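This briefing walks through a protein model, topic by topic. Keep the sequence and the 3D view at hand while reading.

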Amino acid sequence: MSSTPTRVLVLNSGSSSLKYQLLDMRDSSRLAVGLVERIGEQTSRLKHTHVPDGDTREQNGPIADHEAALKAVAEELSRDGLGLDSPELAAIGHRVVHGGMFFTEPTLIDDQVLTEVERLIPVAPLHNPANLTGIRTARSLRPDLPQVAVFDTAFHTTMPESAARYAIDPKIADRHRIRRYGFHGTSHAYVSRETARLLGKDPADVNVIVLHLGNGASASAVEGGRCVDTSMGLTPLEGLVMGTRSGDLDPAVIFHLERVGGMSTDEIDTLLNKRSGLFGLCGDNDMREIRRRVDAGDEEAKLAFDIYIHRLKKYIGAYYAVLGRVDAVAFTAGVGENAAPVREAAVAGLEGLGLAVDAELNAVRGDGPRLISPEGARVKVAVVPTDEELEIATQTYALVEKNSR
């Protein structure tokens, strides 16, 4: 056993869920992963996997709240000899969705940090309250242990004001904290760095367009390791077409739906966030099912796919212009890593920009980072699996180590 604690527990607390991973930072290996879902319901479920031996266990039954959920997780970890009371546990890292402009890097959590995260609830009403609940619960169980907040927005705070500002009265914008914050920051940071490694270069020397394509989707322009633009804005609604979110929209559509459609603010919010995007266009938000329908000749699914690709292609072109020189385009997350037709369609017709995919390489499925562009291509096209939990653990452990010196 190491004399210095090397394990980090990563917690991602949602409104009714708690995802967790325990990693050993000596070799970045996973010791345990799990999920508690439907917290607060009679049908709660905890699924826990002890990674070294592949043993998976499930609990089914009511879990009243996040405190009960984390206690149940602690019990499962203890059964594997990995409990929260282990001297090997160095820290707990928490994913926090919105850090505003106040938090630009991983931050040791204290009462002042919690107060500031709470102040940001109006711009992240769905996420920050749940993140706070997870933090408070973990602190109550291990008040002696360093706990670190890693913010989705932090990587994007390097955007210049010309990219981060909306063209509205700055006084009004500042009063209400209205600006483009961006999200999926841990993924964009990790993938841009891994893409540079794949190219055998230092991140400071590489310009990358990162396409994080999952149910939520975002693009970023990363210049020399620093984000200079990203597609999501004040909230995760802006930008690409997503599973259930509309992405970019004329703001007057909202006024029109209110005045002419007679819809309330809450109804419009639900429409744009939960009943739009691919789901709103064709009734499916699973890209595998959409592609199956496209291949079967379904015109509704084809139109949804074409709209999705059109928006994606526009952002690739826009971020090419922002960067001036692009070394690589990296696809990541569930759709980006697994949907070869999406990758092929996204760069089709962009050969003049040096972008193309090799059909055989694109069709190969794999777990690690890989190039799918033809040999000698001016701009590399890559598939780079994201690992947000490892990124959170890495940032958490680095901060704790730095502070212990």
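Leu211 has Phe331 as its bridge partner in β12. The model is a predicted one.

**The six-stranded sheet**

- Strand β9 (residues 207–213) and strand β12 (residues 328–332) run parallel and are joined by five bridges.
- An open sheet of six strands, with mixed pairing, has the order β11-β10-β9-β12-β14-β13.
- At its edges are β11 (226–230) and β13 (370–371), each of which pairs on one side only.
- Helix α11 (residues 299–323) lies across β9, β10 (217–223) and β11, and it runs at about 160 degrees to β9.

**The nonpolar cores**

- The largest nonpolar core has 45 residues, and those touching the most other members are Ile209, Leu211, Leu213, Met287, Tyr308, Leu312 and Val342.
- Two or more residues of this core come from each of β9, β10, α9, α10, α11, β12, α13 and β14 (380–383).
- Helix α11 gives the largest share of this core, eleven residues.
- Leaving aside residues up to four places away in sequence, Ile209 touches Ser220, Ile316, Tyr319, Tyr320, Leu323, Val326, Ala328, Val329 and Ala330.
- Another core, of 30 residues, lies apart from the largest one; Val8, Ala189, Val208 and Cys227 are among its members.

**Helix α10**

- Which residues of helix α10 (residues 287–295) are buried? They are Met287, Ile290, Arg291, Arg293 and Val294.
- Viewed down the axis of α10, these buried residues fall within an arc of 160 degrees, so they line one face of the helix.
- An α-helix has 3.6 residues a turn, so residues three or four places apart point the same way.
- Arg288 and Asp295 are exposed, and they sit on the face of α10 turned away from its buried side.
- At the start of α10, the backbone nitrogen of Arg288 has a side-chain oxygen of Asp286 within 2.8 Å.
- Just after α10 comes Gly297, with a positive phi of about 90 degrees.

- Strand β8 (residues 147–151) is mostly covered, with five of its five residues buried.
- In a regular strand the side chains alternate between the two faces of the sheet.
- Strand β6 (residues 89–96) pairs with β8 in the parallel sense, over five bridges.
- Phe151 in β8 is the bridge partner of Val96.
- Strand β7 (residues 107–108) runs antiparallel to β8 and is joined to it by two bridges.
- Leu108 stands opposite Val148 in β8.

- Ser187 is found in helix α6, which spans residues 185–198.
- Is Ser187 buried or exposed? Ser187 counts as buried because its relative accessibility is 0%, and buried means under 20%.
- Not counting residues up to four places away in sequence, Ser187 touches His212, Thr332, Thr386 and Glu388.

Notes: Residues numbered from 1 in each chain as written. Predicted model: local features only at pLDDT ≥ 70, side-chain atom pairs only at ≥ 80, totals over all residues. Heavy atoms only, no water. Helix = DSSP H or I, 4+ residues; strand = E, 2+ residues; numbered from the N terminus. Buried < 20%, exposed > 50% of the residue type's maximum accessible area, 1.4 Å probe, protein only. Contact = heavy atoms within 4.5 Å. Pairing = 2+ DSSP bridges. Axes fitted to C-alpha atoms, helices over the stretch in contact; angles between N-to-C directions. Arc of directions from axis to C-beta. Polar contact = N/O pair within 3.5 Å; in protein donor to acceptor, adjacent residues only side chain to side chain. Core = buried A, V, L, I, M, F, W, Y, C linked by side-chain atoms within 4.5 Å.
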